[in-house]
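Please keep the sequence and the 3D view at hand while reading.

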Amino acid sequence: MRKFISKRLFAVLMSAILIAALGTTALADDAPVINTDVPAALTVIEGQTLTLTVEATGGELSYQWYRVHPEGDAPVEGQTSNTYQIAAVDASVNGAAFYCFVQNTAGNTQSSVCTVTVLSKPVLTQDVSTTSQTLTEGDTIALTAGATGAAGIQWYAKKGEEAPRPIDGATTASLSVAATMEYNGADIYCQFVNDAGAVTTSFCRITVNAKPAAPVTTKDPTGETVTEGGRAIFIARADGATSYVWRIISADGTQVYDYTAARTAFPSLSISGGDSETLTLSNIPYDMNGWKVACLFRGEGGETLSGAAGVTVTKKAASLSIITQPVGGTMAVDENPNFVLSIQATSSDGGTLSYQWYSAATNSTAAMKAILGATNSSYKPEQTEGTTYYRVSVQLTGNGTTSDPYYSNTVPVTFTATKAHTHSFSSVWEHNDISHWHQCTCGEHGDEAFHTYTWTVLKAPTATEDGEQKGVCSVCGYETIQPIPAGSDVGEDETPAKPAKKTNTVLLVIIGVLAAAVIAVAVILVRKVLRQKDDEYDDSDGDGDNE
């Protein structure tokens with residue numbers, strides 16, 4: 001009986017479980033199922049429509065869209081269909097995330113989360129810096145503009161009904177381009193772009209006036225040849241020139257000086273008319289040979305340089321001047337040992353002077369013979385008794401030429417026999433730092449004696465520091481300054497002890513020689529005595545054989 005009841009109870013329970021399982025399966029089959037989900041990410045341009053859609057199956061479905069928030073997801077009011085739509089999306093939606101919750105009486109489900117990216121067009125922060133510019137051809141068109149969020153920048157030029165033309169290389173917020181005539185009447189603007197679109201500045205109307213023509217040369221200067229120190233005139237002209245600047249140019253063109261700075265290269269050069277059609281150069285140095293001049297014309301339309309004119313400078317002819325002629329004379333052979341003949345000549349251009357002396361036994365030009373080696377401006381005749389006639393020629397070499405020789409006057413020189421010399425001493429005292437004397441014309445010294453000083457204290461000595469005294473020779477007036485040793489007992493007003501007289505150098509040498517001679521004699525005598533002693537010792541046995 002108990003087994004039967006248990007089997008019955010087990011059968012009932014199994015039936016109930018089966019019925020419940022079948023009922024649950026029927027309910028699960030009616031729960032929402034999302035067939036078309038939203039994308040994980042969606043990019044939309046600001047101002048466009050944002051649309052999110054889910055497709056789901058199941059009976060009597062209801063929808064609610066949610067926006068994800070860190071503090072808790074919130075339902076979006078009014079968004080209760082399978083499609084979520086914003087008609088004109090703005091930047092506030094950028095980065096937002098949405099999903100749809102679908103449900104019915106049988107259950108619920110959730111779509112994927114979609115993150116929305118909103119792309120915004122650039123925002124203009126600075127319109128074109130000016131709405132019009134009037135320029136001269138060759139000036140610079142300079143404009144600026146600004147925007148945020150731009151991925152690219154391009155400036156454009158538009159003329160009339162023509163299509164806008166991008167300006168080459170103009171891809172930054174600042175425009176700088178040469179004002180050519182092609183921009184005359186054009187409207188220039190800047191466009192800032194990104195993936196969301198573009199924003200454009202206002203137009204700037206450009207007016208370009210034609211540039212005045214540069215001066216046109218009508219006369220180039222012509223070359224000039226002058227002698228150094230001379231003057232040259234150059235003329236140049238040009239139509240449209242309002243000012244002139246003459247230039248000095250080196251032969252190789254590496255050195256160029258405006259006329260105001262030309263004296264830097266040529267200090268002696270004089271310049272006038274450097275700012276006019278006519279340039280005058282005066283006192284032209286030879287160093288300017290081969291240089292050129294040219295005129296720079298300036299006008300409203302620019303500058304034009306004339307052709308260059310060469311400057312050829314020739315050296316001045318050499319000029320020889322004789323200042324003094326040779327002077328002869330008569331004298332004893334031993335009367336004037338330093339007698340010379342001389343001539344003084346100069347050259348006007350610093351050329352080279354050369355000399356040649358001639359001599360003859362008679363006063364005859366034809367008899368004159370060149371003296372070998374006598375090629376200086378002075379000549380010392382051989383001092384032998386008799387009369388000889390002399391003259392000298394001078395030639396000037398300069399500027400590549402040598403002048404004809406100039407011959408001096410012919411002068412006689414007579415040497416007579418030697419005559420006895422009588423000393424003639426000067427009354428003036430000569431001196432050195434040891435002694436004083438009177439000197440003869442022949443160089444002989446007379447009345448020579450040591451200086452006799454009178455001393456004056458200049459600075460008294462102390463116990464540790466030398467003093468100083470001045471001595472004046474009472475005979476010749478020679479002065480000397482000598483120290484007073486430290487510790488000497490001399491007052492400032494006292495006359496110091498006379499310092500030791502300097503020893504004459506010659507006297508010292510003589511004393512040294514005499515001393516050396518005495519020592520040498522003494523050594524010889526000692527050696528002789530020693531040899532005699534040795535001989536006596538060696539023969540002390542009296543046999544005469546020194547053994």
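In this predicted model, Trp 65, Tyr 84 and Phe 98 are joined into a cluster by ring pairs. The structure as a whole holds 12 aromatic pairs, and one of them, formed by Tyr 156 and Tyr 189, is stacked.

**The pair of Tyr 156 and Tyr 189**

- A pair of aromatic rings is described by the distance of the centres and the angle of the planes.
- For Tyr 156 and Tyr 189, the distance from centre to centre is 5.4 Å and the angle between the planes is 15°, which counts as stacked because planes under 30 degrees apart are classed that way.
- Tyr 156 belongs to strand β15 (residues 152-158) and Tyr 189 to strand β18 (residues 187-194), so this pair ties together parts that lie 33 residues apart in sequence.
- Tyr 156 and Tyr 189 are both buried.

**A charge over a ring**

- Lys 315 is placed over the face of Tyr 286, at 4.7 Å from the ring centre.

- Ser 282 is part of strand β28, which covers residues 278-282.
- Ser 282 counts as partly exposed because its relative accessibility is 23%, whereas buried means under 20% and exposed means over 50%.
- Although Ser 282 and Gly 229 are 53 residues apart along the chain, their C-alpha atoms are separated by 7.0 Å.
- When neighbours within four places in sequence are left aside, Ser 282 is in contact with Gly 230, Arg 231, Ser 268, Leu 269 and Ser 270.

Technical notes
Residues numbered from 1 in each chain as written. Predicted model: local features only at pLDDT ≥ 70, side-chain atom pairs only at ≥ 80, totals over all residues. Heavy atoms only, no water. Phe/Tyr/Trp six-rings, centres within 6.5 Å; stacked < 30°, edge-to-face > 60°. Helix = DSSP H or I, 4+ residues; strand = E, 2+ residues; numbered from the N terminus. Buried < 20%, exposed > 50% of the residue type's maximum accessible area, 1.4 Å probe, protein only. Lys NZ or Arg CZ within 6 Å of the ring centre and 35° of its normal. Contact = heavy atoms within 4.5 Å.
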